[in-house]
Amino acid sequence: ISSLGVSPWERRPRRPHSHEFILRAMVRLSGLFAGALALSSTARGASGFALSNEAKAKATRDGTASVAAVAALALEEEAEAKEGGRRREREVFTNLDSAENALGSSHSISLRKQHLSLNHTQRLNSQIVHKTAYYGKIEVGSPPQAFTVVFDTGSGNLMLPSTYCQSRACTMHKRFNRKSSATAEDIEADGGAVRRGGPRDQITVTFGTGEISGIFLKDDVCVGSLCSNVRFVGATEETEDPFTAFNFDGVLGLALPQMAQGPKFSLMDCLVDSKVLRHPIFSVFLSDSDMEASEITFGDIKQEHMSSDMFWMPVSKDTGYWQVQIEDITINNKRQSLCPHCQVAVDTGTSQLAGPTDVINDLASRLDVKQDCSNFKTLPKLGFVMGDHVLNLSPEDYVDKSSQGCEVSLMPLDVPPPNGPLFIFGDPFLRKYYTSYDRENRRVGFAQAKHIGAVQEELLVSLNGPGIVKRARFKEEEEEENTLEQQPFSERKSSIFLSRSER
């Protein structure tokens, strides 16, 4: 709307009110009784509405006017004027819709939260792992079929249970019915058509302790009003562990294209190519309490979720992860000379923090978390250096505190070079920091998250401090003063006034 320079209400044609039509009818009536002179002139009311010459002829008989004819004609022309106004109004709003589509739009999806307690055999000191899943609604097919999915920056494909799957993990969730969608197509892994009666491509993907097997489909996928034709996986089999524990139906991968099955499998790339997004980005805000809703926004960044400026880091490796370089690890903002060549993958589908085994063991020793939680309140901040910034985590973010005691909650994960050593930042990090993912420029934005009712602690720290203040001549002002000195005094006063008002 702002690009057109005027609001639709200012451009809407004015519609005359009913009393104006009656007034005009009365004016015409008196004019007609006055004779041919009134008929030869244009009788106008308060808003400029006038009967046409053809209408005047219809409303008179031998120079006299029929009151009923004039009244009926007034109502008829009122209806015509209203319809004309509606038609012009539709044209205005059609132009506005076209302008909005040309600019693209954005859409936010509220995310629901599920707390999980799952068995994890890799943990030595605890057999139960507490996880949190955030999920929201999408629609697939024509007519649309609604599903809930985890929006996962750590995977690249959309995976949904299908009606071909009869395992309990599928039947307890909403399943995609390919036959009920007029726009669905069966495809092979490369996007080609399926040969009727022949074998078809299938895929098996491992998720933690479980697996999903499925076939390939293509259909319209919508995130709110943002839609595109996307290839995806329809599950034909899902293991009970862990999928029966989930409230959500499937997973929507938002990783970079390298992690997708192939072209047109990445929803984000399809939305960007379709030019439906205001900006080629999506942003994630995770709440830290029940007082506010979590959400993912496609096409924009929401300033209300930020308590600091956002800074950007380029994607550092072509792994498909939204992965950036860290230079060091800090404890209470003091560099530790740990892991100088480490990478960090920001993963919205993971509820934990993970990192290289040797680094985690070293950190556990330096942090000295007591098993009985006796020093929990005095534990330091744990930070990660990115460019000129330190992104800190508080003890409640990196310590697993339960009835069994306290321990560092970072999971061991060993990814060899060149893609590693690698940290994974999941939900604990994402509740502290609002993140944005720029597909076009391949970069990740970080800002300290702003939470309702929370006391904002300074977690995002600049290594340059508040900046260096120095005194110097400002080039533009110096040039301006040189120009003023060459003007007559009378002109100089007006120039000074204008320059100050402009500034």
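Is Asp397 buried or exposed? Asp397 is buried, with a relative accessible area of 10%. That value comes from a predicted model.

**Salt bridges**

Asp397 has a charged partner. Lys432 forms a salt bridge with it, and the closest N and O atoms are 3.7 Å apart. The pair joins distant parts of the chain, 35 residues apart. Lys432 sits in helix α11 (residues 427–432), while Asp397 sits in helix α10 (residues 395–398). Lys432 is buried too, at a relative accessible area of 15%. Both values fall under the 20% limit for burial.

The count of salt bridges in the model comes to 14.

| Arg178 | Asp186 | 3.0 Å |

Side chains of opposite charge can pair when their charged atoms come close. Arg178 counts as buried at 19% relative accessibility. Asp186 counts as partly exposed at 24%. This pair belongs to a network of salt bridges that links Arg178, Asp186 and Arg200.

Glu295 is buried, with a relative accessible area of 12%.

**The five-stranded sheet**

Five strands form an open sheet in the order β15-β18-β25-β19-β24. The pairing is mixed. Strands β15 (323–325) and β24 (411–412) stand at the edges. Each has a single partner strand, so one side of each is left without a neighbour in the sheet.

What joins β19 to β24? Two bridges do, and the strands run parallel. Strand β19 covers residues 353–355. Within this pairing, Ala354 has Met411 of β24 as its bridge partner.

**Helix α9**

Helix α9 spans residues 357–367. Which of its residues are buried? Val359, Ile360, Leu363 and Leu367 are. These four cover an arc of only 95 degrees around the axis, which puts them on the same side of α9. An α-helix has 3.6 residues a turn, so residues three or four places apart point the same way.

The face turned away from that buried side carries Asp358, Asn361 and Ser365. These three are exposed. Asp368 follows α9, and its phi is positive, near 55 degrees.

Key:
Residues numbered from 1 in each chain as written. Predicted model: local features only at pLDDT ≥ 70, side-chain atom pairs only at ≥ 80, totals over all residues. Heavy atoms only, no water. Pairing = 2+ DSSP bridges. Buried < 20%, exposed > 50% of the residue type's maximum accessible area, 1.4 Å probe, protein only. Arc of directions from axis to C-beta. Salt bridge = Lys/Arg side-chain N within 4 Å of Asp/Glu carboxyl O.
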